[in-house]
Amino acid sequence: MHRLVLSTARRRPRAHTGSVLSAARRRQQLSQQAPPTRPPTNPQNTASTSASASSSADADAAAAAASALAHASAPPRNFAAPTLSTLAFFRRAAAFALLGAAALAGGTLAAFAGAHLWIEHRALAPAPGPGDDPDDDIWGWAAAAERWTGGPAGGTDPALGAAARTAVRAAWAAQHWGAGASVLATNAIARSTQQQQQASNGGGGGGGAIEARLAHAHDFLNIALAAALEREAAGAPLRPATLPELRALHAATLERIGGRGALYDARADYAAVWDAALDAPRGPDARARVALKLGDVSARLGDGAEAVAWWARALDLSAGGDGDDDAALDDPPASASAAADEPLELPARLPDSPPAQRVLAATLSSLSAHYAQAGRLQDAAAVQAHGLALLRTAAAEADASASAGARADAPRALHTLFLQHRAALLALHAAEVAHAQRTADAGSTRAQLERAAALSAHIAACLAGGGGGPQSTPQQNQRQPQQKGTVALAPLADAFAASGPLRAPAESLLRDARRTAMHALTLCGVLYESDAAAAANKAAWRRDPRAAESARREALGCYERAMVWAGAQDGRPGAGVLEGEWAALSGRYARARDAVLEAEGAALKEAPAAETAGSKKA
């Protein structure tokens, strides 16, 4: 304790302690001085007085020293200093936190505004390129391009208001840039819309996982559409095509989401677009595209009669008719049901307009698939034969003037490739129908499927920049040094990707061509497996083991090529390939591989036995 007091005293300023001690010494000196005039006293009394004075001075000095030490060891008198220091620390921390939050919020707002400005003025603006000029759009790609309410100038409609325009741009960003998670757990959209219609149709569909980007795009387009309807009711000067374009975007998103509820809503949106197109000055090509969409959605919903009615209207419009069948327009299902068993009247020639040619080709392929799935094989075969004759003639005429991959001829090349792909699709359908009708043997069916696969591969090679152009033949493209695996995974060529109106249809065509090649090769493998099973099931005296083994190897080769065109990487399919299709293909491939390996193992086991038997005979 004594050490603590002394150490505390040492920390006090020396000037203060020294002044206190010097004052004590001066008092002691003054007390020791004798008074100047004092009467003589007794020596004994003087000695006692002097001793008492000395002891009193010592006591005073000791008391002064103790007081000084006690004063030196006292704590500081400013008790608020620690609290103020703590408060100052937190004040500085809060200031830094507020500055950081303000910088983060400012950066986020700047990024948000910059992204929306870029989408408005760059992504949605018509980029310079072939087929972008609406005045010189003889191939119709700019007219058929997806519009986001901005019209020919691009962007969004200013009359929508800031909130609705932001929602439209957010929908574009969700579709093209993604929205975080790849899928949502359940298809809430399809389950929450048209529940009574789902129940009346036996449920089904609409309960699986969907892509999050499509769900977010659907939500943003709902906001924009509701705001546009309110603005229109308030008398805002919206463009005449703003609401139809928003409805078309909303319907296309719902169509990609799938599910019965979403498809019912998509058909309602397309019907509203059709009603608006009746008064629009965009011409019959736009109305024909809407009729084709309505037919495709109705077919997916299982309303075959209504689908055929809309396809008939699309054929009439693409052939130059007006498509104004009053009875069909008032009640399409009833008019179609009256003629459900009668085949449609197909046009004798392709129209002169390239957009109408594409609508006609797409309608013929949809009608062919519908007839085949409905069991009307005769009608399907008639549509396929007629369509192949028309499309092959049109493709040959387009090839005569096409340039080999030149950027200036990209719209013409894309049109030619589109017609060639529809011809390949019809050839695939024709091979399936002929096999089902047993009007062709397995060999001719396989040859037709191989031609369809080669033509699809040729189209994919041209679109990916690996072929010799649309006027080259599939055989020429097969001699290219580029391997099929590279073409199957290659991106879109710059000649098509650099143009705004051409990019989306070219990407869709590239995906469809790869899928067509995959399906054609898969069917070839199935036919080869059937041949192998038939050869193995023959009687022993007619059995040909080499034929069965050859058929198994051919099936395995077809499945391997099909998996290449499916874009298989790390056991996962490429873009555009459905999970069910991939599961079926991978299962067939595994079965064919196991059969080939088993046959090879059996051959290796039989070889030593055959050699031993031969040596014994010798």
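Q: Which helix holds H415?
A: Let's start with what counts as a helix here: helices (H or I, at least four residues) are DSSP runs, numbered from the N terminus. This is a predicted model, where local features need pLDDT of at least 70, side-chain atom pairs count only at pLDDT 80 or more, and totals for chains, interfaces and linings use all residues. Residues are numbered from 1 along each chain as its sequence is written, and side-chain values use heavy atoms, leaving out hydrogens and water. H415 sits within residues 410–437, which form helix α18.

Q: Is H415 buried or exposed?
A: Buried means under 20% relative accessible area, exposed over 50%, and partly exposed in between (1.4 Å probe, protein chains only). The relative accessibility of H415 is 2%, so H415 counts as buried.

Q: Which residues is H415 in contact with, leaving aside neighbours within four places in sequence?
A: Contact means heavy atoms within 4.5 Å. With those sequence neighbours left aside, the partners of H415 are W139, W141, P354, Q357 and R358.

Q: How many salt bridges does the structure hold?
A: A salt bridge is a side-chain nitrogen of Lys or Arg within 4 Å of a carboxyl oxygen of Asp or Glu. By that rule, the number of salt bridges in the structure is 17.

Q: How many residues apart are E120 and R169?
A: E120 and R169 form a salt bridge, with their closest N and O atoms 2.8 Å apart. The pair links distant parts of the chain, since E120 is in helix α4 (residues 81–123) and R169 is in helix α6 (residues 162–177), and their separation is 49 residues.

Q: Which parts of the chain does the pair R515 and E581 tie together?
A: The side chains of R515 and E581 meet in a salt bridge at 2.3 Å, N to O. The pair ties together parts 66 residues apart in sequence, because R515 lies in helix α23 (residues 500–536) and E581 in helix α25 (residues 579–617).

Q: What separates the C-alpha atoms of L249 and L221?
A: L249 belongs to helix α10 (residues 242–257) and counts as buried at 4% relative accessibility. Not counting residues up to four places away in sequence, L249 touches E146, R147, W148 and L221. L249 and L221 are 28 residues apart along the chain, and their C-alpha atoms are separated by 7.7 Å.

Key. Helices (H or I, at least four residues) and strands (E, at least two) are DSSP runs, numbered from the N terminus.
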